[in-house]
Amino acid sequence: MDIKLLAWPGLVTVLALLLYYSLSIGVGIARAKYKVPAPTITGDENFERAFRTHQNTLEQIVIFLPSLWLFSIFNNPVWGAAIGGVWVLGRIGYAWGYYTAAEKRGPGFAIGSLATIALLVGSAISIVSQLLP
């Protein structure tokens, strides 16, 4: 494999981490705006949506990043990056929807989840196929 191709999933990793970091900044801004002092995690509904968006992204990124890299190494880094890019867009949609109203987070969550499943299943298939004689 051409090592330069790994720059694509590397770029997606950077984008995912920038998204996560921006969501953490959003929580800090919401804390100040809605007067929810640390370490409190409940209060104004708008703050709670910003907080849950950040927390759920953390919960999802834990499975997404290893899946992205396993797929990229054992399958195809360009396809891994493309599917990973869909995950990032899905998480942006999730955040945008959740910030608007909790019931609008579903489509973004579904897109991100499907991308993660594709990466995870694709990784498993590629790894198992390489282990078989």
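Buried residues account for 38% of the 133 residues in the chain. Buried here means under 20% relative accessible area, exposed means over 50%, and partly exposed covers the range in between, with a 1.4 Å probe and protein chains only. The model is predicted, so local features need pLDDT of at least 70 and side-chain atom pairs count only at pLDDT 80 or more, while totals for chains, interfaces and linings use all residues. Residues are numbered from 1 along each chain as its sequence is written, and side-chain values use heavy atoms, with hydrogens and water left out.

The chain has 4 helices and 0 strands. Helices are DSSP runs of H or I with at least four residues, strands are runs of E with at least two, and both are numbered from the N terminus. The order from the N terminus is α-α-α-α. The C-alpha atoms fill a box of roughly 60 × 25 × 20 Å along the principal axes. Contact means heavy atoms within 4.5 Å. Among contacts between residues at least 6 apart in sequence, 68% join residues at least 24 apart.

The chain exposes about 7,600 Å². Carbon and sulfur atoms supply 73% of this area. Accessible areas come from the Shrake-Rupley method with a 1.4 Å probe; for residues, only the protein chains shown count as cover. The side chains include 9 positive and 6 negative ones. Lys and Arg count as positive, Asp and Glu as negative; His and the chain ends are not counted. The centres of the two sets lie 4 Å apart, each charge being placed at NZ of Lys, CZ of Arg, CG of Asp or CD of Glu.

The interior was examined next. In soluble globular proteins, nonpolar side chains tend to be buried together. A nonpolar core is a set of buried Ala, Val, Leu, Ile, Met, Phe, Trp, Tyr and Cys residues joined through side-chain atoms within 4.5 Å. The largest such core has 16 residues, and F64 and W87 have the most contacts inside it. Helices α1 (7–33), α2 (45–74), α3 (77–100) and α4 (106–131) each supply at least two residues of this core. Apart from it lies another core, of 6 residues, including V27, A30, F47 and A50. Leaving aside residues up to four places away in sequence, W87 touches A16, T57, Q60, I61, F64, G112, A115 and T116.

T13 is found in helix α1 and is buried, at 13% relative accessible area. Beyond residues up to four places away in sequence, T13 touches L65, L68 and W69. N56 lies in helix α2 and is buried at 9%. A pair of aromatic rings is described by the distance of the centres and the angle of the planes. Rings of Phe, Tyr and Trp (its six-membered ring) pair if their centres lie within 6.5 Å; planes under 30 degrees apart count as stacked, over 60 as edge-to-face and the rest as tilted. By this rule there are 4 aromatic pairs. Y94 and Y98 form an edge-to-face pair, 5.5 Å centre to centre with 75 degrees between the planes. Both lie in helix α3, 4 residues apart, about one turn of the helix. Y94 is buried at 2% relative accessible area, and Y98 is buried at 11%. The rings of Y94 and F109 have centres 6.0 Å apart and planes at 50 degrees, so this pair is tilted. Y94 lies in helix α3 and F109 in helix α4, so the pair ties together parts 15 residues apart in sequence. F109 is partly exposed, at 30%. Ring pairs link Y94, Y98 and F109 into a cluster.

The backbone was also examined. Most residues other than glycine have a negative phi, and most peptide bonds are trans. K35 has a positive phi of about 55 degrees although it is not a glycine. K35 lies in the loop between α1 and α2 and counts as exposed, at 70% relative accessibility. P39 is placed in the loop between α1 and α2. The peptide bond from A38 to P39 is cis, with omega near 5 degrees.
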